[in-house]
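Subject: Structure handover

Hello,

The structure I am passing on to you is below. After it come my notes on what was found, grouped by region.

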Amino acid sequence: MILGGGTVDITAISRTAFGTTVHVPYVSLAATDGTHKVVIDTGAREVDVVKKPHAHRWPEEEMENVLRACMGWSLEDVDTVINTHLHYDHCGGNFFFPNASFYVQRREWEAAWNHSPYEAAYYDCGDFCKTRIPYSRWHFVDGEEEIFPGLRVMLAPGHTHGSQIVLLDTREGDLCFPGDTFTCAFNLEHNIQPFIVVDDRRLFQSMDLVRQVAQRIVFSHDDQIKTGMRSGFYEVPDPWYT
């Protein structure tokens, strides 16, 4: 699901040469095992005004509308929200889901409330404060955990101190939503880290983790992702290390 986006220089999502303009969508993934209704990452709260003056979100990209169009769900139907991390463009729509439980790494929760000056531009504590999401609705993960059969999260620090990836068992194999461990296919194919990094060494370890466990990837900010996609996601080369 695309929840808005904007046009920026490629340096906003990847450490590469300045001068190439790209469209950067805010990508969310919805999934179900027939029982649970899960949303992974929820976009920015006010995409037109929060941090990104160049950004937009069309009416059909509003969470309520896109969720209904793609899955036939209402906001009230969603019982589980997983945040890969707590940057404003990945958790800003959490408050839309009144009946959901929220999963994030404990390390990320702590880092978000105690961020460095460098990270201040990317964390908006109003997105995850107790007045928006009661503390009792958060579930804190320590490392790797199977949330439901076929749905697993794994700690993957580097982009933030507590980033996690999400791995889903699907008909096309193990599908990974890596958050901003990889923002786009360019990062993976050229082994270039995303623009925002708090720990280079750990980030490259996390990038290798994704290559090791994922068969397909849904990138968080890649223009090749389209609303309504259900198959045909990026295929990780196998063997990836050749």
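Start with the loop between β4 (37–40) and α1, where glutamate 61 is located. Please keep in mind throughout that this is a predicted model.

Is glutamate 61 buried or exposed, and which side chain of opposite charge is nearest to it? Glutamate 61 is buried, and it has no salt bridge. Arginine 57 is the nearest side chain of opposite charge, at 6.6 Å. That distance is beyond the cut-off, since a salt bridge needs a side-chain nitrogen of Lys or Arg within 4 Å of a carboxyl oxygen of Asp or Glu. If neighbours within four places in sequence are set aside, the contacts of glutamate 61 are Ile2, Leu3, Gly4, His56 and Val66.

Next, the nonpolar cores. The largest has 29 residues, and the members touching the most others are Leu67, Leu86, Phe97 and Trp138. At least two residues of this core come from each of α1 (63–71), α2 (88–91), β6 (101–105), α3 (106–113) and β7 (138–141). Four residues come from α1, which is the largest share. A second core is separate and has 20 residues, including Leu29, Ile147, Leu168 and Phe233. As a general point, nonpolar side chains in soluble globular proteins tend to be buried together.

Apart from neighbours within four places in sequence, tryptophan 138 is in contact with Asn83, Leu86, Asn94, Phe102, Val104, Trp109, Phe128 and Ile133.

On to the strands. Strand β3 (residues 29–32) pairs with β4 in the antiparallel sense, over four bridges. Within this pair, valine 38 in β4 is the residue opposite alanine 31. Four residues separate the two strands of the hairpin, and glycine 34 has a positive phi near 95° there.

There is also an open sheet of six strands with mixed pairing, in the order β8-β9-β10-β11-β12-β13. β8 (145–148) and β13 (234–235) are its edge strands, so called because each pairs on one side only. Three bridges join β8 to strand β9 (residues 151–155), and the sense is antiparallel. Valine 153 in β9 stands opposite glutamate 145. Helix α5 packs on this sheet, where it touches β9, β10, β11 and β12. The direction of α5 makes about 5° with that of β10.

Isoleucine 217 belongs to strand β12 of this sheet. Its relative accessible area is 0%, so isoleucine 217 is buried. Not counting residues up to four places away in sequence, isoleucine 217 touches Leu175, Cys176, Pro178, Leu188, Val210, Phe233, Tyr234 and Val236. One of these, tyrosine 234, is 17 residues away in sequence, while the C-alpha atoms of tyrosine 234 and isoleucine 217 are 5.3 Å apart.

Last, the salt bridges. How many are there? The count is 10. These are the ones I looked at:

- Glutamate 172 and arginine 216: the closest N and O atoms are 3.1 Å apart. Glutamate 172 is partly exposed because its relative accessible area is 33%, whereas arginine 216, at 18%, counts as buried.
- Arginine 211 and aspartate 208: here too there is a salt bridge, with the closest N and O atoms 3.1 Å apart. Both residues are in helix α5 (residues 200–213), three residues apart, which is about one turn of the helix. Arginine 211 counts as buried at 9% relative accessibility, and aspartate 208 as partly exposed at 28%.
- Aspartate 199 and arginine 202: their side chains form a salt bridge at 3.6 Å, N to O. Aspartate 199 is partly exposed at 24% relative accessibility, and arginine 202 is partly exposed at 34%.
- Arg45, Asp124 and Asp127: these three are linked by salt bridges into a network.

Regards

Definitions and conventions: Residues are numbered from 1 along each chain as its sequence is written. This is a predicted model: local features need pLDDT of at least 70, side-chain atom pairs count only at pLDDT 80 or more; totals for chains, interfaces and linings use all residues. Side-chain values use heavy atoms; hydrogens and water are left out. A nonpolar core is a set of buried Ala, Val, Leu, Ile, Met, Phe, Trp, Tyr and Cys residues joined through side-chain atoms within 4.5 Å. Buried means under 20% relative accessible area, exposed over 50%, partly exposed in between (1.4 Å probe, protein chains only). Contact means heavy atoms within 4.5 Å. Lys and Arg count as positive and Asp and Glu as negative; His and the chain ends are not counted. Axes are lines fitted to C-alpha atoms, for helices over the stretch in contact, and angles run from 0 to 180 degrees between N-to-C directions.
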